[in-house]
Amino acid sequence: MRAKHNVLLVTNDHVSTLTGMADNTITVSALDRTKVKINGQEGVGRDLSLHAVATGKEYVHETSKDDLWFFFDVEVASNPALAGVAGFTTFVMILFIISYWNSAGSSTALVLVALQILCFFCINPYLIALSDWRNFMTEEAEALMHSSVGMNKALKSVLTLIVLLTISIFAFLMLKSVLPDRSIQDMGDWELWVAMLFDSASLTLPFICFGLYTSLPLQVVQILASFPFLFMIFFSTTFSPGAGLEGVKGLRFLFARFYLWCVIPGVMEGMEDCPKDNLTLYTVLSGCLGLFLFLGLQGVLYVVEMNKANAAAADFKALQGSDEFKQLQVEMKYVHTDGTPCGFGQTGVDYKDGYEATATEDTTITVSGGAEPPANEL
């Protein structure tokens, strides 16, 4: 273990046994946290000491099929949230059948609006829980180191999209059962389902993006993810075709609901500038617009973070070249005076005077807070 890890023991008590075992003793002052005392050397910068002890490599989890089975077992096979969504969706669709049975073809637009709202309410409880899931999953994965945070988020995203797809298929079948077949055929049948799916996706994807791939709290996630729904009401012109100021009306082409309305007989005639060709393509692209914008923002933030990381790496490299850093590493027996590594975990490593090391004992750095220990403990 000594060859791979630096074990930091943080204690407020000066235990002589642990101090004797330790290769180094770091004393943190209760008055000035910016300076520490290392093996009797006063006034060492806190940041410098942190870099000096950070000689190992960061832990990187290697993904395996066990992670996939663990996710499936916890999030699919034994997840009550999915059963809750399924039960609630079934209940809602039964009420929809009862309430809208034998609807007239002239009421297609109204029935479709009602169904899309119901679909949103069916998946909304699952979407709201994403930010809380992200928090406890990240804490658990980092603490137990049994799974990859990135892979879990990706799998959760796929699972959420599968739930959305399932609800959308279920809703389309319900729509076909309450409307005349002729009305469904006039709207393109499967093309109508694609339009319904991406209309729902335009309102769902923001919850996935903000809920899983940011560190924002639940309230902020709900506010930001609800903007596409609000903007659709204000700017898609689907609630009042042709209305709105000239500059504002141009925003209607950004919403999947606009293209969905362009396939409904009796409504499409009142919609302004409905595309004659590639209607399904426009619906798909506009439905994913929020995702594209989020990915663009994440790309910008990634570049900013990379620049910060490169600057930090450059500062660390400059720090490693300083005489103070080299002297501190020699003092802590990380390197020899000629700059060569001491080789923790190998035979021939010197321990503190007066301590006999055994083959099973690890490197320990005792970090003490408060008053300084007696001189004989350093």
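Helix α5 is largely enclosed by the rest of the structure, because 15 of its 21 residues are buried, where buried means under 20% relative accessible area, exposed over 50%, and partly exposed in between, with a 1.4 Å probe and protein chains only. Helices here are DSSP runs of H or I with at least four residues, numbered from the N terminus. This is a predicted model, in which local features need pLDDT of at least 70 and side-chain atom pairs count only at pLDDT 80 or more, while totals for chains, interfaces and linings use all residues. Residues are numbered from 1 along each chain as its sequence is written, and side-chain values use heavy atoms, with hydrogens and water left out.

Let me stay with α5. From its first C-alpha to its last, α5 reaches 30 Å, close to the 30 Å expected for its 21 residues at 1.5 Å a residue; the expected span is 1.5 Å times one less than the number of residues. At C122, α5 bends by about 30 degrees, and the proline P125 follows within four residues. That bend is the angle between axes fitted to the seven residues ending at a residue and the seven starting there.

F88, F91, I94, L95, I98, I117 and F121 make a nonpolar patch of about 690 Å². Two elements, α4 (80-100) and α5 (108-128), each give two or more residues to this patch, and α4 contributes the largest share, 5 residues. Patch residues have over 30% relative accessible area and no salt bridge, and nonpolar side chains (Val, Leu, Ile, Met, Phe, Trp, Tyr) are joined within 5 Å. A salt bridge is a side-chain nitrogen of Lys or Arg within 4 Å of a carboxyl oxygen of Asp or Glu. Accessible areas come from the Shrake-Rupley method with a 1.4 Å probe. I117, in helix α5, is partly exposed, at 37% relative accessible area.

Finally, the aromatic rings. The structure holds 12 aromatic pairs, meaning rings of Phe, Tyr and Trp (its six-membered ring) with centres within 6.5 Å; planes under 30 degrees apart are stacked, over 60 edge-to-face, and the rest tilted. W69 and F72 are edge-to-face, 6.2 Å centre to centre with 90 degrees between the planes. Both lie in helix α3 (residues 65-77), 3 residues apart, about one turn of the helix. W69 is exposed at 60%, whereas F72 is partly exposed at 42%. Ring pairs also link F120, F121, F207 and F229 into a cluster.

Conventions: Patches are made of residues with over 30% relative accessible area and no salt bridge: like charges are joined within 9 Å, nonpolar side chains (Val, Leu, Ile, Met, Phe, Trp, Tyr) within 5 Å.
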